[in-house]
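This report describes strand pairing, nonpolar cores and a surface patch in a single model. The sequence and structure are shown first.

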Amino acid sequence: MNSPGRQLGVNLIELMISLTISLVVLSGASVILVSANKSSRLQEELITIQENARFAIQQMSFDLQLGGYYGCVQDVNPLDPAGPVITKVNIDISDPATSIFILSPVRGYEHSASPVSALTDTSRDVLEVQFANPVTELSADMGGLQAAIPVADASEFSVNDVLMIANCEFGDIFTISGISGNTLLHQTNATSGETLDPANTTDSLSAWYPQQSYVGSNTRIYSFNRVKYYVSNDHNADGDTDDPGEDVPALYRAVNKARDEAATPDELFMMGVEALEVLYGEDTDGNSRPDFYRDANSVGTWANVTAVRFALLVRSENEYGSEADQDTTEGETIDVLGTDYTAGEERVRRRLFQSTVFLRNSI
């Protein structure tokens with residue numbers, strides 16, 4: 001029987017055993033915690049890759065489906081002298097800076113293409129989509145074929161802008177020669193003092209445009225926009241542009257007026273895209289279905305492109321773990337839509353995504 005005043009405790013051996021057991025349990029728990037944290041981070045990276053790629057494919061598909069949209073007039077023929085009235089509306093690729101590619105609104109450039117886009121880089125593609133964007137409407141009926149064009153708002157226009165006027169009956173392409181208030185002029189270079197580039201071929205449009213056509217459609221003024229997609233390493237993850245070693249590749253989406261070939265990227269679209277490869281589905285027998293998918297250098301006639309197939313190689317934005325955590329090794333080649341891409345030394349995860357879009361508005 002213990003004495004009420006006696007203190008019981010543990011001896012040194014029991015204490016050492018307890019500490020050893022505790023260390024073993026804590027060590028096992030820490031291993032599980034580290035493993036769970038690593039697995040959670042990997043899943044977050046893969047989810048980010050998946051979401052970024054899904055969003056990019058959705059936006060690129062949307063723009064491609066807009067390619068060749070010219071309002072409710074889809075039969076504008078730039079080769080018809082009685083129709084559009086500017087000289088450089090053509091499908092000639094020799095002068096991309098001043099051409100409106102009505103018949104071939106989807107185009108592409110390889111790094112070895114001719115002409116080379118201002119955005120092309122070694123072994124990287126540029127995808128370009130053109131469509132008309134409604135800007136304003138007529139505020140009153142035109143007074144005749146050579147009359148000025150009254151619009152609701154002319155504030156977004158400048159002299160030499162190439163625009164389209166159209167309703168569901170007629171369509172004309174013209175160059176602004178002057179702006180007076182909310183009216184647009186469209187005279188030719190023959191007018192004294194004018195230096196339009198491109199120039200109207202005549203004073204007259206091909207139709208007299210009322211504010212509203214007899215079928216009920218409003219007459220609208222459209223600008224021509226080009227959306228360009230390309231990959232660049234110019235973006236830095238931490239914002240420190242002085243440290244190129246931390247550059248993260250990104251997919252850029254640049255929106256420009258059609259004649260602005262030397263596009264300046266105005267929108268960072270998606271980080272982590274290492275490669276963009278594009279093939280163009282060319283219809284050679286006139287049934288609107290692509291017979292061949294070719295790269296930009298091999299397309300025979302851009303006007304025959306009815307579908308676009310593109311692939312994105314997307315990597316995790318942040319490096320993590322050790323070399324053992326890479327799913328690709330440095331120097332390994334990855335097939336991106338028929339083009340070999342060489343993986344770098346980054347400790348990242350990579351995934352390849354591919355989509356095919358048929359063009360709604362191919363003429």
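An open sheet is formed by 3 strands in the order β3-β7-β6, with antiparallel pairing. Its edge strands, β3 (149-150) and β6 (178-180), each pair on one side only. The structure is a predicted model, in which local features need pLDDT of at least 70 and side-chain atom pairs count only at pLDDT 80 or more, while totals for chains, interfaces and linings use all residues. Residues are numbered from 1 along each chain as its sequence is written, and side-chain values use heavy atoms, with hydrogens and water left out.

Helices (H or I, at least four residues) and strands (E, at least two) are DSSP runs numbered from the N terminus; two strands pair if DSSP finds at least two bridges between them.

| Strand pair | Bridges |
|---|---|
| β3 and β7 (residues 183-185) | 2 bridges |
| β11 and β13 | 9 bridges |
| β11 and β12 (residues 292-294) | 3 bridges |

Individual partners can be assigned. Ile149 has Leu184 of β7 as its bridge partner.

Strand β11 is mostly covered, with 10 of its 10 residues buried; buried means under 20% relative accessible area, exposed over 50%, and partly exposed in between (1.4 Å probe, protein chains only).

A nonpolar core is a set of buried Ala, Val, Leu, Ile, Met, Phe, Trp, Tyr and Cys residues joined through side-chain atoms within 4.5 Å. The largest one has 31 residues, of which Leu64, Leu127, Leu251, Leu276, Tyr280, Val308 and Phe310 touch the most other members. Two or more residues come from each of α1, β2 (126-137), β8 (220-232), β10 (268-271), β11 (273-282), β13 (305-315) and β16 (350-358). Helix α1 gives the most to this core, with 6 residues. Apart from this core lies another, of 15 residues, among them Ile149, Leu163, Ala207 and Tyr209.

Leu276 has contacts (heavy atoms within 4.5 Å). Not counting residues up to four places away in sequence, Leu276 touches Met60, Asp125, Tyr229, Tyr230, Val231, Leu251, Phe310, Ala311 and Leu312.

Helix α1 (residues 12-66) also contains Leu19, which counts as partly exposed because its relative accessibility is 45%. Leu19 belongs with Leu12, Leu15 and Met16 to a nonpolar surface patch, whose members together have about 400 Å² of accessible area. Such patches are made of residues with over 30% relative accessible area and no salt bridge, nonpolar side chains (Val, Leu, Ile, Met, Phe, Trp, Tyr) being joined within 5 Å and like charges within 9 Å. Accessible areas come from the Shrake-Rupley method with a 1.4 Å probe, and for residues only the protein chains shown count as cover. A salt bridge is a side-chain nitrogen of Lys or Arg within 4 Å of a carboxyl oxygen of Asp or Glu.
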